[in-house]
Amino acid sequence: MLRPRSARLFPLLVALLALAACGGGEDPVEPEPERPPDLTGTYTLESLSAVVGTGGQTLTPPNVAGTFTAQQTSVTGGEASGTTIFNITLPDGMGGTAPPIEDQGTYVNRLDGTWEQNGQILQGIGTYTFRNNVLTVEVTEPALNVSTTVWRKN
């Protein structure tokens, strides 16, 4: 007895649907690993509070001024690193301004929010946040370098 043509095609149709549901035998696409933000750019100082330099007070322009340039050079897993250039002008305590603090060095920003900077003058370990083009760096050690700086990306 002959089976209708549709009955003979049914097993083939089921096999094709099963194969399609499995992705056609392709390897699943792995999502990109999460990375820390790329901080590359030039920033303008919005506020600075430091144990040394401001006596713990928070200063804002025009009482303090500064720029910060970062250039990311590598990313490995949850850690990015790069170079920095700082230029910060503080009041001299007598109504004028002290000579600018100019420094260059390196930084590391991690996915977990930790921060390290190593310059000739400005060094420290702490934390950072980067939201809406605003970078906030809180240096928690060493004790003489404890500070909070808020930078807006230009």
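T149 lies in strand β9, which spans residues 147-153; helices (H or I, at least four residues) and strands (E, at least two) are DSSP runs numbered from the N terminus. The model is predicted, so that local features need pLDDT of at least 70 and side-chain atom pairs count only at pLDDT 80 or more, while totals for chains, interfaces and linings use all residues. Residues are numbered from 1 along each chain as its sequence is written, and side-chain values use heavy atoms, with hydrogens and water left out.

The protein comprises 1 helix and 9 strands, in the order α-β-β-β-β-β-β-β-β-β from the N terminus. Of its 154 residues, 29% are buried (under 20% relative accessible area, with exposed over 50% and partly exposed in between; 1.4 Å probe, protein chains only).

T149 is buried, its relative accessible area being 10%. Its side chain forms a polar contact with the side chain of W151 at 3.1 Å (a pair of N or O atoms within 3.5 Å; within protein, one must be able to donate a hydrogen and the other to accept it, and residues adjacent in sequence count only if both atoms are side-chain atoms). Beyond neighbours within four places in sequence, T149 is in contact (heavy atoms within 4.5 Å) with L45, S47, L48, L135, T136 and V137.

T136 belongs to strand β8, residues 134-141, and is likewise buried, with a relative accessible area of 18%. Residues up to four places away in sequence excluded, T136 touches T127, Y128, T129, T148, T149 and V150.
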